[in-house]
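Reader: Hello! I am new to protein structures and would like to learn how to read one. Could we look at an example together?

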Amino acid sequence: AVQGVTLSVGERQIVAILGTNGAGKSTTLRAISGFLGIDDARISEGSITFKGTRIDNELPHKITGRGIVLVPEREKVFPNLTVAENLAAPVSRANRSGERRRLDERAYHFFPRLAELRSRTAGLLSGGERQMLAIGAALMCGPQLLLVDELSLGLAPVVVQDLTRRLNSTRGELGIAILLVEQSAAAALEIADYAYVMENGRIVLDGDRERLKSHQDVQEFYLGQAAGERRSYRDIKQYRRSRRWYG
C-alpha cells in the first residue's frame, strides 16, 4: 500500500501529508504509530527512526511510551464515557492524582469548551467537540510527536480554522512536533511548515508551505484553483497531467 516514502519531522515542526482518499496517508501514520499490526500488516522494507532509535513494527503502547501519540481518523473517543472519563482513560493509574490534574488543566487550557462539557457523554458531542476531545486525550499522554489523521474530515470550515489555530498554539506552548494527515490542503497549508504530497503510496512532491501553495499542480488538484479561478476537484479529476511531479 505504501512504498517509496521518505519523510522527516523536525523538533517543533508541523509537517503535513497531503493527498486524496486512498493515497496511503493513514497507512503511513498507522505504520509510524505501530497500529499497522492490527491489520495483520508489517513494515517489510525500510525503517522508522525516532530520536535515533528504530521503532518499526514495535507495539503501539511501546511507541506511545516513547512519546508518539496518534489521533485516529475514526473512533476517536469512547462514546459511552463522559468527556472527563475520556481524558482520564489514557493516564496510568500510578499518575492519577497530581499528574492527572496537571494534564487535565493542559487539555482544558487548549480546549476550554471541554471544561464546559466535562460531564457530557462523548457520544452526544458534535464532530468538532469530538475532535477537540480526541486531541485533548492525546495530550494527556504527554506526546513529543503528535500524529493527527484527517483533522478536517466532516467538519465545517469555521470549526477547522479553530482547530488548526489551537493545534498551532499547542505546538508553540508545549514545544511538540505534529505530523498532520489531510485531504484538505487549504487547511493543512495554513499551519504546516513543510508538506509532502502522496499519490498511490508514494511521495510525489514536497516543499515548504509557500512552495506548495504556489505550485501549479497543487493549486489545481488540491486547492481548486486554475488560472486564478476556483475549481472543484470533480471538474478536474479526469485531467491528464502533462508532466510528472518528480524533481
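**Reading a sheet and its pockets**

Author: Gladly! This is a predicted model.

Reader: How do β4 and β5 pair, and over how many bridges?

Author: β4 and β5 (residues 145–149) run in the parallel sense, paired over four bridges. A helix joins them: α6 (residues 127–139) packs on the sheet and touches both β4 and β5. The direction of α6 makes about 165° with that of β4.

Reader: In what order do the strands of the sheet come?

Author: Six strands make an open sheet with mixed pairing, in the order β4-β5-β6-β1-β7-β8. β4 (68–71) and β8 (202–208) are at the edges with a single partner strand each, so one side of each has no neighbour in the sheet. From one strand to the next, the twist averages 15°.

Reader: And how do I find pockets?

Author: Rolling a probe the size of a water molecule over the atoms shows where empty space is left. Here, the largest pocket holds about 970 Å³ of space. Among its 35 lining residues, Leu7, Thr28, Ile32, Ser47 and Ile48 are the closest to the centre.

Reader: Which element gives the most to the lining of the second largest pocket?

Author: That is β4, with four residues. This second largest pocket has a volume of about 710 Å³. Its lining has 27 residues, and Phe35, Leu70, Pro72, Glu75 and Lys76 lie nearest its centre. By class, the lining has 16 nonpolar, five polar and six charged residues.

Definitions and conventions
Residues numbered from 1 in each chain as written. Predicted model: local features only at pLDDT ≥ 70, side-chain atom pairs only at ≥ 80, totals over all residues. Heavy atoms only, no water. Pairing = 2+ DSSP bridges. Helix = DSSP H or I, 4+ residues; strand = E, 2+ residues; numbered from the N terminus. Axes fitted to C-alpha atoms, helices over the stretch in contact; angles between N-to-C directions. Contact = heavy atoms within 4.5 Å. 1 Å grid on protein atoms, 1.4 Å probe; cavity = no way out; pocket = protein on both sides within 12 Å on 5 of 7 lines; lining within 4 Å. Points joined across faces, edges and corners; volume = space filled by probe spheres on them. Nonpolar A, V, L, I, M, F, W, Y, C, P; charged D, E, K, R; others polar.
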